[in-house]
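Here is my note for your first look at this model. Please keep the structure open while you go through the points.

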Amino acid sequence: MPKKTMASFPVVRRLLLMLLFLCGASNPCSHAIFLNDTVNIGVILDNNSWLGKVVKTALKLAADDVNNDANLVMNATRLVLHFRHAQTLLHAATAAYDLLDRQVVSIVETQTSEVVSDIGEAAKVPILSFSATTPSLSHQRFPYLVRMAHSDSFHMKAIAALVKHYGWRRVVFVHSDVDFGCGAVSLLTDALRDFGSEVVYISMISSAAEKQSIRKELYKLMEMESRVFVVHLPSDVGLNLFMEAQVMGMMKAGYVWITTPGFTSVWDYVINASTMASMQGVLGIKTHIPNSERLQDFTERWERQFKLDNPNSKNTELSVYGLLAYDAVFMIARAIGKMGIKGSFSVLTPTSPPPPPVANGEINSIKVFQQGKQLLQEILLRSFTGLSGAIELHNGEMDASDSSLFEIVNVVGKSYQIVGYLAYKSGKLFKTLPLMGNEGVAPVFWPGSSTKIPLGWEIPSNGKRLRIVVPRNAGWKEFVNVTFYPDKNETIVTGFCIDVFKAVVRLLNYELPYDLFLYPPHANSTDWSYDDLIRQVYLKKYDAAVGDITIRAWRSEIVEFTQPFTETESVMVAPVIMMEEGNNAWAFLTPLVQHCGLQLVLLLYTQDWWCVGYIKGSFAGDILSQNLGIADKNLKPFSSRETYEEILSKGSKKGGVDAIFDAIPYVRAFLFGRCDYSMVGRRYKSGGFGFVFQKGSPLVLDISKAILNFTQSLEFQEIEAKYFKDNINICSDRGEVPKTLDVRNFRGLFLITGIVSSSVLMVYFYQALRKFVKDSDATGNQWECLKSFARYLYQEPEEVSVSSQVDAAESWEDVEAEELVVDAGENIPSSSQVDAADSLPENEERSWVDVDEGEDMMSPTSTSSMPTTTNEPPSNQIQE
């Protein structure tokens, strides 16, 4: 790997390194990493923090266990830990450089920073961190950084799986301005996108924020619809956040708070009685540590040692960080044991006098561990089962095994309880262990002591009302009817779509305040389309759109549709044949026209004169041209559905159309009271009508569920009957369609049958006459020729059969026989008799006969009644 230049570091990191190297260049340096039988390992932690105390005790026990195990470090070499206290990043960098002078072969730390990672890479000393989870501190970027903790990628996927489980669509992400929160939001965004959810707002709270600034940010969150908050903060900032949220009334029913593993893992140490009261109902995700006898024994040892090290500490809970620290020491010891050559570690000593720390922009004054790369490779190859579970690295980071689990915990009362488990790899949720057959999450106590799953959103009490746009000029006024009353200066919107929407909203289990707006805004506007109306929602000028809006694929890419509330099909409408006089010769076609689509069939085969109309800009044009294959010259778009009857009555010969293709709701509205038109042909799938919302709107799911329930109700049928009565019954009541047909109504059918039959007969006689003239040598008067032609017609089928038999007989060769004459009155045997004759024994005599004209088969006869042949052929041959 190329050396890092000073230009590659940010300004602050560059100044820190220059200062450290200037201070450390004159320090004495030994030439061997071992002092006879010791290996030095550096540790950087905050001695005053709970994490530092927990980890320090675990590391000390780990060193004791390693040194007491002769199989881990060869030649009786002992591990020696060198602890350095660091509360800030500058302190951590200083401690790292000081540890290099102690000839450490590796450094274990709790406060990973880019500066320390740079120092480790420059000195070729592996840095093992069990707290670094952010993507910015990756092994690819810092090759000598080994991350013992699982990446934020796993954490955010777990959060997304939990969001998916409860059906929440919009999430607010709260993070800090330090490395702790960097990069996690993009990981959560990607994970949520896979489940159809999204991060709608990113809230950043400074690590040094005071109550006032936290409260100011919480006010912003209160004004939003989303009530699902993912908290990715350090423990001290997170606790302050929840205490202020409780004061502001944001820990009541309807709110959802989820903490990430970095915060949840420290609940045992940072939550006291007052902070616990402010976190009631909070959900958290933390790493699950599989129980084992070895873990139980270590936990008991750790508790005893921790009390000795920290006699004044009230909390004595072992965390996952302590277990990871213990496993990190064992990983280093196993790697050293694998290398196994005592005294082979050395460092490059700087020349005397020491050179300046920066020459030509490169780091050159730091001591370099010559076998650091080999040690790093051995560390990366280690795979074993530690106290924290399966230890396996991939690309320098902790990988997830098939058994890796998260715990889902819920703050209730004075503690928290496990309500579920989540598998790292599959993302599946389970209520209890073992994981077989118990998928899901146990009941949760939500904020406000509620057991009802929160919706994940709500209209803020101090927020705006929902802005809903409706079309000013709908396709038919039965769907949306806008009426202006000048005396009251009031506009009233009614119609089928409006009534359905109002009824659906009433089914919701919460209030949904809204206001209706017309589009286009001006009454005289004519240059608009439904696509323009939908774009208003996409541009967030309105929250939703209600009306006769067809669901189409491309529209779903920019907005979100609810479940359709009308039929999802399209069909043709065309004039039908009426039978007012009762003796129409073509009346028998009426059922075919109405139910079998005869006109549609005629349309496809007579496209030269048929013309189909459709609404300009609608999906109908694509179906007609692409699905039905109708040429563009036979398609006629028109701009308004109000001209339906006019253009249909004209027909294509007078500048109109012969049929119109449109969605069934529009066709039904048009047919109401019009008995001289009908739906014809097959129906084609289309989207139906749906309500429009902005992408990711949490209302879509609730409205869709309400639509499914409402469309199956009696109220929906009553609304349909109010605007669209049954047209068939209306036309039947008028008596315009006769109920029965008599013989006169089938005259057309008889005429068609007679013409077709006569044509076929004439063709037959013509072909037969040509053949007779060609084959016959008949002479005489016309009467004789006519009788010969009649006999020819009668005998022709038999002659064809006989000729085929003769052709078959001619295929036998070298066979001679006398001609046998059979009386014309003798019966011709069946094929079964012939088969029986073929099966006679070979020594039985047979007679072979010929047939006269008109006979089609040979027959075996007994020798007593028929003359015998002079030469008998074989049994499988027939003699001519």
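At roughly what angle do the axes of helix 5 and helix 6 cross? The first point takes this up.

This is a predicted model, in which local features need pLDDT of at least 70 and side-chain atom pairs count only at pLDDT 80 or more, while totals for chains, interfaces and linings use all residues. Residues are numbered from 1 along each chain as its sequence is written, and side-chain values use heavy atoms, with hydrogens and water left out.

1. The axes of helix 5 (residues 152-166) and helix 6 (residues 184-193) cross at roughly 40° and come within 8 Å. That angle makes helix 5 oblique to helix 6 (under 35 degrees is roughly parallel, over 145 roughly antiparallel, 65 to 115 roughly perpendicular, and the rest oblique). Helices here are DSSP runs of H or I with at least four residues, and strands are runs of E with at least two.

2. Helix 13 (residues 320-339) and helix 14 (residues 372-381) have axes that cross at roughly 120° and come within 9 Å. Helix 13 and helix 14 are therefore oblique to each other.

3. F263 is found in helix 9 (residues 261-264). The residue F263 counts as buried because its relative accessibility is 0% (buried means under 20% relative accessible area, exposed over 50%, partly exposed in between, with a 1.4 Å probe and protein chains only). F263 and H232 are 31 residues apart in sequence, and their C-alpha atoms are 7.1 Å apart in space.

4. V760 is found in helix 25 (residues 747-775). With a relative accessible area of 56%, V760 is exposed. Together with I752 and V756, V760 forms a nonpolar patch on the surface, with about 260 Å² of accessible area in total (patch residues have over 30% relative accessible area and no salt bridge; nonpolar side chains are joined within 5 Å, like charges within 9 Å). A salt bridge would be a side-chain nitrogen of Lys or Arg within 4 Å of a carboxyl oxygen of Asp or Glu. Areas come from the Shrake-Rupley method with a 1.4 Å probe.

5. Some backbone angles deserve a check. Most residues other than glycine have a negative phi, and most peptide bonds are trans. N395, in the loop between strand 14 (389-394) and strand 15 (397-398), has a positive phi near 55°. S449 also has a positive phi, of about 55°, and is exposed at 67% relative accessible area. The peptide bond from Y519 to P520 is cis, with omega near 0°.

Conventions: Axes fitted to C-alpha atoms, helices over the stretch in contact; angles between N-to-C directions.
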